Amino acid sequence: MRNIFFILLIAISSLTIVNSQNLKSPSEFLGYNIGEQFSRHHQVIDYFEHVAHEMHKNVILEKYGETNERRSLNLAYISSEENLRNLETIRENNLKQTGILEGTSESSDIAIVWLSYNVHGNEASSSEASMLTVFKLLTEYKNLLDNTVVIIDPCINPDGRDRYVNWYNETASKPYDLDSQASEHNEPWPGGRANHYLFDLNRDWVWATQVETQNRLKVYNKWLPHIHVDFHEQGMNEPYYFAPAAKPYHEIITDWQTDFQTQIGKNHAKYFDAEGWLFFTRERFDLFYPSYGDTYPTYMGAIGMTYEQGGHGRAGLGVLNDEGHVLTLVERLTHHTTTGISTVEIASKNAKQLNVEFKKFFDNSKLKYKSYVLKGENDKIESLKSLLNKHEIDFEYASGTKASGYQYSKGKQGSMSLTSEDLVVHTNQPKGKMVKVLFEPNATLTDSLTYDITAWSLPYAYGLDAIASKTKVASQSISSDQRQSKISNAYGYVSKWNSLKDAQFLSSLLKNNFRVRFTERSFTSNGNKFKRGSLIITKGDNKHIDNFLDALRYLTEKHNQLLTPIYTGFSQTTPDIGSPDIKLINKQKVAVLSGEGTSSLSYGEIWNFFENQLNYPLTSINTANLGTTNLAKYNVIIMPNGYYGDVLNEDNSKKIEDWVRSGGKIIAIDGALRSFAGKEGFGLKLKATNTMESSDNLIPYAERERLYTNSMITGAIFNVKLDNTHPMAYGYDKEYFTLKLGSSSYNLLDRGYNIGHIKDTKVYSGFAGKNAIEKLSNSLVFGEERKGRGSFIYMVDNPLFRSFWENGKLFLVNSLFFVNNNVFEL
C-alpha cells in the first residue's frame, strides 16, 4: 500500500501546472518513472540542462569541474527571477557579512541553501531525488524561492555513482530480486562508494586531496551558504536519520546552530509523522571530525547537516529488509525529496534570522588562541600553505624574535625563537574558527563515542613544531626566504632529503634515467655538512645523459630544488663519494596488491600517492591472480591494510616468503601485518589483549558499548622514538608524531630493526582508552625484519591515511628506495 502511495505522489507531481509548458517532470524527461531504474550520471545532468533551458529565468546551471574519468561536476542555482538577476549582488553581500569581502553588508532576508547529493556513489537514491527536488521547487513550491537561493549539486561523486549504477544495471534481475542474498544486492570489490582513486569524498572536505573536492571548494568559498545538507544512505534495515546531530559537538558550534538543527528536525518530523514514516535523530552522526560534508560547512558558519536514508548499495531497486518491509528506490528518493523541500521551507521562514546569526558566527574575538606559529623545513611550510590557500585562509610570516605558549613538540607550555621564514596564522580573520579547529592542539571532546578520528592537528600532520599563543604574534606579509640553485660545472651535486618534494625530485630523476646515489652516513664536503639520506648526482655516473647540466638544471628548476655543488670526490670527513656507504639507488619496480582481501580505501591511498604525488610507476596485482603472478618482475610489493586470510594460503605464503629471501621487499601496512604476526619464522608478534576482569561480566548490557571505549583508540596522536640512523627514517629527527587509528599493538621485534616505537604513552591529541594506552608502552610503529636477501617492512600506523598525514609519507619512500637497497636491475 505504501509503495502505491509513492507512485501516485510522483505521478501527481508530473501533472502539476507550471509556468513553462515545456518543463518536463523527471519521469517525462527520462522516459521511465523515476525510481523504476537507476539513472546514469549523464542522464541526471541532461535533466538539469533541460530544466535550466526551460526555466532560464529561475535556474542557472554551472559546470565547476571534471572528475578523473572526465564526468562533469555541476551546480544549479535556483531562485526567483528577481533574485537570479541580482545573484552576484546577493553573493557579495553574503561574503561582506563574514568580512571576507570589504564593505558594509546590507541587511538581507535571502537565505542561501546548498543541497549536496551522492557523495558516496552507491548511495544512489539521492541523485534521483535531486531531479525530483528541483522539479518540485519550480512547480509546487515556487513561492519558497522568493527569499531563498537554492544551490543543488546533483552528484558530488559521478565516477563512484556510475561505477555502482553500471554494475547494478548489468547485474540486476528483471524484475528486481527482493532476496538480499541475490548478487544484485552484493557489490564486488571495490564497490561504488568511493571516487576514481577510491577515496571517501565525505572525509576529504578539509584535506582536499581529490579533484572533486578541490573544484568544489573554489565555488563553496565564493558562497558560504547559510545551510548545507549532505544526502546519504545507511544500512538497508535502518530508518531515516535527520538533524539534530548526535554529540559530541565541537565547542565552536554555536547555540544557534544547534537550536536551529532542532527546528529543522521538527519540521521534517511533521511531514514524516503525517505519512507514518520512521525516523531517528540525535544518534550516531556527530559534529566533530572537521572533514565531513556537515562539519566543514558548520565550521564555516552554516547549519551543516547529514541526512541518512536506509538503503545503501545493498537495496538496489528494491529489497526485502530484515523487518519484512520491501524497501524500494521510489521510497528512498521520496524521503530525500521530502527533507530537501522541508529544508528550503524552514530556511524561507527564517531567512532573516539565518543571516543575522550567520554574521554573528564570524566574530572570533573570544577565541582562546590568537595566533599559531609554525617552524620547520621550508618544503613542509610550503605544503601547509598550499592547504591553507585551498580554503582561502590567510597567513603571514613572523616579524618578532620569540613566541611563547603551548608548544606542540613538548605537549606543554614552552617558547621558541623565530625567524622571518616561520609561518603565522591568526584567528582574527573571517575563518578564524576553522583555523582553531585545524590547528588547536587537542580538540575538547565531550563524549568518547564518535563516528570518526578525534585528532588531526595540522602541526603534527605536517611535521612542524608550533606554538599556540594566547596573544597575537607580530607578523608581516612577506617572507625573507630566497632560495636559489645555480647549476655550474662540478664533480657532483647534493640534494637534501627531508620532504615529499625531495622524493618527487628523486622520482623525476629516476624516470629520466639519472643515476642517483644516497649516503648512509653524514659527510662534509667543501665546508658543507650533508645528512644521511642526502641525494648525490655525479657527473661521472651520468655520462649517458645528453647535455647533462642542462637536463639537471631543468629538473631542478621544475621541482624548485636547491642543489649544492661538490668539486671533488674526496670528502673533508668520510665517507668519500666512492665509499660503499654511498649507494646507488635502484630504479625500483613496485607493485601493490588490490582486490578481495585488501581495503579498497587503503589501496586507493597508495594508488593516488604514486600517481598524483610521488609520480612514480606502480603495477596493481589483483589478489585473485597472486598465485599465477611472476613476482620476480618486481623489487617491492606493497600490501595495503586488509584481511588476507583467504589470499595468503599455504602456496601463496610460501611464494611470497621465497621471493623475499631472493631479494624482494614486502611493505605491509596496518591490518596487513596480521598476515605475518605470530607465524612460524617471523619475529612480529601482537601484544596480548588485556583480559576482562571478573567484575566486567556484571556490567549492564546498556553500558557495555561505553565500557568498550576503554580499549579503543579513535585516531589519537602519540610521540614515536625513531632510530633515524636506519634508512627507513632518513630525513626525520629522533622523534615523530604518529596518528594511531586503532588499538592493535605489536611487541618490539626480538630480531630485526625497531625503527620507530612508542615509549611514552602520553596522548598528545585525540581519544584513547586506558586499556589501549597501557598496551602501547614499548610497542612497535615501524620495523624491518630481514629474511635472506630481502625484507619485510612493517608499518603499524598507516602513513598515507586519507593522504593528509603529510609528515608520514617519506617513510614509504624511504622503504622503497633506501631500506635494504639491493642494486640490481630486473
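Two helices, α9 and α13 (351-361), each supply at least two residues of the lining of the largest cavity; helices here are DSSP runs of H or I with at least four residues, strands are runs of E with at least two, and both are numbered from the N terminus. The largest share of that lining, four residues, comes from α13. The model is a predicted one, with local features needing pLDDT of at least 70 and side-chain atom pairs counting only at pLDDT 80 or more, while totals for chains, interfaces and linings use all residues. Residues are numbered from 1 along each chain as its sequence is written, and side-chain values use heavy atoms, with hydrogens and water left out.

The largest cavity holds about 60 Å³ of space, and the search of the whole structure turns up six cavities of 30 Å³ or more. On a 1 Å grid over the protein atoms alone, a cavity is a set of points where a 1.4 Å probe fits but cannot get out, whereas a pocket is an open set with protein on both sides within 12 Å along at least five of seven lines; a lining residue has an atom within 4 Å of a point. Points are joined across faces, edges and corners, and the volume is the space filled by probe spheres set on them. Among the residues lining the largest cavity are Trp-256, Gln-257, Leu-354, Glu-357, Phe-358 and Phe-361. By class, that lining has six nonpolar, four polar and one charged residues, where Ala, Val, Leu, Ile, Met, Phe, Trp, Tyr, Cys and Pro count as nonpolar, Asp, Glu, Lys and Arg as charged, and the others, Gly among them, as polar.

Helix α9 (residues 255-275) also packs against α12 (residues 329-349), at an angle of about 130° and with the axes 9 Å apart. Axes are lines fitted to C-alpha atoms, for helices over the stretch in contact, and angles run from 0 to 180 degrees between N-to-C directions. The two helices are therefore oblique to each other (under 35 degrees counts as roughly parallel, over 145 as roughly antiparallel, 65 to 115 as roughly perpendicular, and the rest as oblique). On the α9 side, the contact (heavy atoms within 4.5 Å) includes Phe-260, Ile-264 and Tyr-271, and on the α12 side it includes His-335, Thr-339 and Ile-346. The residues of this contact divide into five nonpolar, eight polar and three charged.

Another helix pair, α17 (residues 500-511) and α19, has axes that come within 10 Å and cross at roughly 80°, so these two are roughly perpendicular to each other. Leu-500, Ala-503, Gln-504 and Ser-507 of α17 meet Phe-609, Gln-613 and Leu-614 of α19. That contact has four nonpolar, three polar and no charged residues.

Helix α19 (residues 600-614) turns up again in the second largest pocket, where it gives the most to the lining, with three residues. This pocket has a volume of about 830 Å³ and is lined by 36 residues, with Asn-641, Asp-670, Leu-741, Gly-742 and Phe-801 nearest its centre. Its lining splits into 13 nonpolar, 13 polar and 10 charged residues.

As for the largest pocket, about 1,100 Å³ of space lies in it. Of its 47 lining residues, Glu-377, Lys-380, Asn-498, Gly-731 and Asp-733 are the closest to the centre. Helix α14 gives the most to this lining, with six residues, and by class the lining has 15 nonpolar, 15 polar and 17 charged residues.
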